[in-house]
Amino acid sequence: MTTSTAKLQEIYNQQGFLSALPVLNETELREAKHAFSELEKEFGKEYTQYSLHNAHQQYPWVSGLTKHPQLIQVVKAILGPDVILLDSRFICKYPTLKPDRQENEGGETESVLPYVAWHQDMRYWGIAGGPVLSVWLALDDSLEENGALQVIPGSHCAGMLPHRQATRPGNMLSVNQEIPEELVQADEAVLCPLLAGQMSIHDGLLVHASDANMSQRRRCGFVIRYVPTCAYPIQDPDRPRKFAATELACGTDQFHHFNKST
């Protein structure tokens, strides 16, 4: 990293995100893309689009990505030396998948393309006592035309915003929620394009989204969530959560807030 730790922290604290950070070299990227292509062959693209959840528990090469030295160096600069890996998921937007078709209000059938609505990660995670940091590690170039991440800089400073059920079909979020558009400063949105092998990171309260893939190029990324070891899961009987995939990413854990039964 050419940017000092203090500068990284300053920018991240102000903006709520950092983007276009180098992680994988050419050899590492080639190996990761090949390994992912084997998973596509095994499971099919309908599955690998969103269902490769916590694959770091099963595949050593995926676990290696979660602990890559370049990646962990940045995570430690933001969260400190003691960090828990909370969760991971591959997310792919394929241009070749046959889009769902749905009848609109006029009775006409229209294509439904996968997108991600404006939201905050902390809405879903049920974590307190420390921040959640999300990594997007690009296996493919992630550009405007194939649905790159968009963020609202500084929006993490406003705290948790209300979410509702999304009204537009195609939302990839598993609970189909969105922040009402009147609460999103969409005119301030910034695109976070990435070249394959680069990553972006963002705070769990940062408002972000991504559009549908309108190109003929796949957009595949690996999403990883990290928390400092001082963070802990919130007990919510209305929405019980399990964190069965957590493990120590770096440092030491003096708190032991996460275990396989949590």
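Q: What's the mean pLDDT of the chain?
A: This is a predicted model, and the mean pLDDT of the chain is 91. A pLDDT of 70 or more is reached by 91% of the residues.

Q: Where does pLDDT stay under 50?
A: Over residues 103–109. For that stretch the model has 6 contacts beyond four places in sequence.

Q: OK, on to β14. How many of its residues are buried?
A: 10 of the 10, residues 219–228, so the strand is largely enclosed by the rest of the structure.

Q: And which residues point which way from β14?
A: R219, G221, V223, R225 and V227 point one way, while C220, F222, I224, Y226 and P228 point the other, and all are buried. In a regular strand the side chains alternate between the two faces of the sheet.

Q: Which strands pair with β14?
A: Strand β2 (residues 83–93) pairs with β14 in the antiparallel sense over 10 bridges, and C92 stands opposite C220. Strand β7 (residues 133–138) also pairs with β14 in the antiparallel sense, over 6 bridges. There, A138 has G221 as its bridge partner.

Q: Switching topic: is S210 buried or exposed?
A: Buried, because its relative accessible area is 5%, under the 20% cut-off. S210 is found in strand β13 (residues 208–210).

Q: What does the side chain of S210 make a polar contact with?
A: The side chain of K93, at 2.7 Å. Beyond four places in sequence, S210 touches K93, Y115, V116, G147, A148, L149 and R219.

Conventions:
Residues numbered from 1 in each chain as written. Predicted model: local features only at pLDDT ≥ 70, side-chain atom pairs only at ≥ 80, totals over all residues. Heavy atoms only, no water. pLDDT = per-residue confidence, 0-100. Contact = heavy atoms within 4.5 Å. Buried < 20%, exposed > 50% of the residue type's maximum accessible area, 1.4 Å probe, protein only. Helix = DSSP H or I, 4+ residues; strand = E, 2+ residues; numbered from the N terminus. Pairing = 2+ DSSP bridges. Polar contact = N/O pair within 3.5 Å; in protein donor to acceptor, adjacent residues only side chain to side chain.
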